[in-house]
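Have your viewer ready and try each task before you read its solution.

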Amino acid sequence: MNLGGADYVTKPFDKGEILARVRVHLKIRRLTLDLMGANRELQEKQARLDDDLRAAAEIQKSLLPPAFVQVPGMETAWRFIPSYRIGGDLFNLFPLDETHWGIYILDISGHGVPAAMVAVSAYQMLNSRPGYLLKKAIRPPPFYEIVSPSEVLAAVNREFPMERFDKFFTLSYLILNINDGRIRYSNAAHPPPVLLRKDGTVTLLKEGGTVIGLGEGVLFEEGEARLFPGDRLFAYTDGITEYRTWDERFFGEARFYECLQSTMHKSLKDQVDGVIDAMMAFGGHEPPPDDVSLLGIAFGGQGRNPAAGAVK
């Protein structure tokens, strides 16, 4: 037994007992080898899955805005913290023409590669080139027409029926006139963007409708707002407000708004970083179970972004 024996029989030996015990141990050996083989196969599959998740994460990051976004008369800053599970947060801002910029933020339901791939499809659809969804090609100059936010959401909703993708998602889309600060917007059940006035007043851009994925016949209301010099606009995903402590206390909307107000004297980048740092401190710096996204725009800046974006 000290040398590694697994069983023994006592004298006098019984041939039938010996054969029975040998058969049992041969069967145990076969089962052990089968288990070892299954374990190796499981490890190989897990390694492939990890590779797929890493690739999906890189795809997700590549779709985010560049670190430096030059917007005349404005300053921008953003933070994105990917979940330890791949999710479907995505946001972007881009020129529609010399006067108007498009801004969107979305959050795909669920996690993993399927959510990331739906995010890629949505990214491709929300393209600002003429002839795509956000700008219709027309015959007379300037040969394009900017599509209203409510029409954009209705079109996206038709293209992403839940029965086809087994996913739904929330979406906010805004059109900002960089000359006068006027905003047209619509939300598809996404957390409403926050307009933080220069005096600290918080206004929520709530107009819109239900989630993307319900198919034909869904209507979205459209709202208007205006940014004045010194005002700031923030779009975010619920990974911020639903970040929680070990005893299930949520960071919450009220605490989020208070953080925006208490950091409004800082530069936009420091304000965005400060809000995210406060959120992480609230939850003991545990990795967030969902993607965390925060995009800020300060109106009346110099159009310069010393350090606009960060992925952590």
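The exercises below use a predicted model, and each task is followed by its solution.

**Exercise 1.** Find how far apart the closest N and O atoms of Asp-277 and Arg-79 are, and work out which parts of the chain the pair ties together.

*Solution.* 
- Step 1: A salt bridge needs a side-chain nitrogen of Lys or Arg within 4 Å of a carboxyl oxygen of Asp or Glu.
- Step 2: For Asp-277 and Arg-79 the closest N and O atoms are 3.9 Å apart, and the two form a salt bridge.
- Step 3: Asp-277 sits in helix 6 (residues 268-282) and Arg-79 in strand 1 (residues 74-81), so this pair ties together parts 198 residues apart in sequence.
- Step 4: Now look at accessibility. Arg-79 is buried at 4%, while Asp-277 is partly exposed at 41%.
- Step 5: Widen the view: Arg-79 and Asp-277 belong to a network of salt bridges that also links Lys-269 and Asp-273. The whole structure has 11 salt bridges.

**Exercise 2.** Locate Asp-231 and Arg-197, and decide whether each is buried or partly exposed.

*Solution.* 
- Step 1: Their side chains meet in a salt bridge, with 2.7 Å from N to O.
- Step 2: Asp-231 belongs to the loop between strand 11 (223-226) and strand 12 (232-236), and Arg-197 to the loop between strand 8 (194-196) and strand 9 (202-204), so parts 34 residues apart in sequence are tied together.
- Step 3: Buried means under 20% relative accessible area. Asp-231, at 3%, is buried; Arg-197, at 21%, is partly exposed.

**Exercise 3.** Check the span of helix 6, then find what its buried residues pack against.

*Solution.* 
- Step 1: The expected span is 1.5 Å times one less than the number of residues.
- Step 2: Pick out the buried residues of helix 6, among them Leu-268, Val-272, Asp-273, Ile-276 and Phe-282.
- Step 3: The buried residues of the helix pack against strand 1, strand 8, strand 12, helix 5 (253-262) and strand 13 (292-299).
- Step 4: Finish just after helix 6, where Gly-284 takes a positive phi of about 70°.

Definitions and conventions
Residues are numbered from 1 along each chain as its sequence is written. This is a predicted model: local features need pLDDT of at least 70, side-chain atom pairs count only at pLDDT 80 or more; totals for chains, interfaces and linings use all residues. Side-chain values use heavy atoms; hydrogens and water are left out. Helices (H or I, at least four residues) and strands (E, at least two) are DSSP runs, numbered from the N terminus. Buried means under 20% relative accessible area, exposed over 50%, partly exposed in between (1.4 Å probe, protein chains only). Contact means heavy atoms within 4.5 Å.
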